[in-house]
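Hi,

Here is the structure I said I would pass on.

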Amino acid sequence: METKDRSGSSREKASLLQIPLPELFSWPAVLGYLTRSSDEALYRVDGSEVTKLFEREGELALVRFRYREGAHALEAAFLPIGPAASVRAPAGPAFAAREASAPSPAPSPAEPDEPAARPDSGLLADGSAAALGASPPSAAMLAHVRRYAEEWFDLDRDLAPFYRLTDADPLLREVGQTLRGLRMVGIPDLFEAACWGIIGQQINLPFAYALKKRFTETFGSSVQHEGETYWSFPKPEAVAALEPPDIAALQMTTRKSEYLIGVAGRVADGTLDKRELEAADWAEAEKRLTAIRGIGPWTAHYVMMRCLRMAEALPAADVGLQHAIRIAAGMDRKPTAAEVREQARAWAGWEAYATFYLWRTLY
């Protein structure tokens, strides 16, 4: 299929992937969630299209998602990012200062005139080659993007039981009707989900988005396409190699900087593994997560909701959830965490979805 840019001129053909959608799915509701912050750095929403950069084992893919009403499917178009594209290697302020002060290595006697790698050389943060503009994408990348989209938009879940619950629950009835078809937009990557939870601790949402944007644009990789820059989230191996001042320079607290580096090391060495957490029940997953420095009950349940897709996850102490319940119930004060857990008894099996929908009434 030949695509056209916004000026109407034809471009190189893009590979397409069609992803079937469940009946209870609303692309406008999903877009409403995806556009809640102008500081989002990991995808770009343009009208009804969402464009995201993917990286898998050195292969890059820039993918534009759009909804096809007749087919009730998501179309994922793999955009060409040919030789004009550039990959930016990550470097933090303190990291760059250390590199600048380090002795320069002597040139290789065998190849004294070998040029230095340029920003558009196609090298990722770890020095591996990136497959820029590969057409078509590899079978592994196609499978990765399909599965990512299924997890990102929670496409495998039957929402009919949830809507039966909301229709019968006075607290959830209105939001269930208003947001019908909204899937819990997830964070399929465990490292990204844990980082987002840590970054968002004890600060407001706009500042959390600003910090995540700085973190991504300082330590992540990017490509240019049609005048726009698209970013991938920093790799755990790259973050594990940093020092706290590298991250603290972004206005992150030193403690959060230490937490992020610590989690990065655990993901990088495999001691924190998504598949192992998914295989555990929610109580065991909570126990494993909260054993990690920097991850308390709130962050653990956030990761369990947004990444591990554990329906019983309930961040009962979350201020936003408490405010949403106060408003929906017409209370004159916020409920306590214990009162939230009591209320959630009526949502058994759907605590995470109820939380996500109530959050959406505020954010």
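Let me start with a loop: Glu226 sits between strand 6 (221-225) and strand 7 (228-232). Before you read too much into any of this, note that the model is a predicted one. Glu226 has a phi near 50°, which is positive although the residue is not glycine. As a reminder, most residues other than glycine have a negative phi. Is Glu226 buried, exposed or partly exposed? Its relative accessible area is 39%, and the cut-offs are under 20% for buried and over 50% for exposed, so Glu226 counts as partly exposed.

His72 has a positive phi too, near 45°, and is likewise a residue other than glycine. You will find His72 in the loop between strand 4 and strand 5. Those two strands make a hairpin with four residues between them.

Five strands make up an open sheet in the order 1-5-4-3-2, with antiparallel pairing. At the edges are strand 1 and strand 2 (44-46), each of which pairs on one side only. On average, neighbouring strands here are turned by 25° against each other, direction ignored.

- With strand 4 (residues 59-68), strand 5 runs antiparallel, and seven bridges join the two. Arg68 has Ala73 as its bridge partner in strand 5.
- With strand 1 (residues 15-20), the sense is antiparallel as well, over six bridges. Ile19 stands opposite Leu74 of strand 5, and Leu16 is opposite Ala77.

How many residues of strand 5 are buried? Seven of its seven, so the strand is mostly covered, with under 20% relative accessible area being the cut-off for buried. Both of its faces are covered: Ala73, Glu75, Ala77 and Leu79 are buried on one side, and Leu74, Ala76 and Phe78 on the other.

Helix 1 (residues 27-34) lies across strand 2, strand 3 (49-56), strand 4 and strand 5, at about 70° to strand 3. Helix 3 (residues 139-152) lies across strand 1, strand 3, strand 4 and strand 5, and runs at about 125° to strand 3.

First, helix 12 (residues 282-290) and helix 13 (residues 297-306): their axes come within 9 Å and cross at roughly 130°. The two are therefore oblique to each other. Helix 12 passes helix 13 in a right-handed crossing. On the helix 12 side, the contact is made by Trp282, Glu286, Leu289 and Thr290, and on the helix 13 side by Pro297, Ala300, His301, Val303 and Met304. By class, that contact has six nonpolar residues, two polar and one charged.

Next, helix 6 (residues 190-199) and helix 13: the axes come within 9 Å and cross at roughly 145°. This crossing is right-handed. Helix 6 brings Leu190, Ala193, Ala194, Trp196, Gly197 and Ile198 to the contact, while helix 13 brings Trp298, Thr299, Tyr302 and Val303. What classes do these residues fall into? Eight are nonpolar, two are polar and none is charged.

Cheers

How values were computed: Residues are numbered from 1 along each chain as its sequence is written. This is a predicted model: local features need pLDDT of at least 70, side-chain atom pairs count only at pLDDT 80 or more; totals for chains, interfaces and linings use all residues. Side-chain values use heavy atoms; hydrogens and water are left out. Axes are lines fitted to C-alpha atoms, for helices over the stretch in contact, and angles run from 0 to 180 degrees between N-to-C directions. Angles under 35 degrees count as roughly parallel, over 145 as roughly antiparallel, 65 to 115 as roughly perpendicular and the rest as oblique. A crossing is left-handed if the near helix is turned anticlockwise from the far one by less than a right angle, and right-handed if clockwise. Contact means heavy atoms within 4.5 Å. Ala, Val, Leu, Ile, Met, Phe, Trp, Tyr, Cys and Pro count as nonpolar, Asp, Glu, Lys and Arg as charged, and the others, Gly among them, as polar. Buried means under 20% relative accessible area, exposed over 50%, partly exposed in between (1.4 Å probe, protein chains only). Two strands pair if DSSP finds at least two bridges between them.
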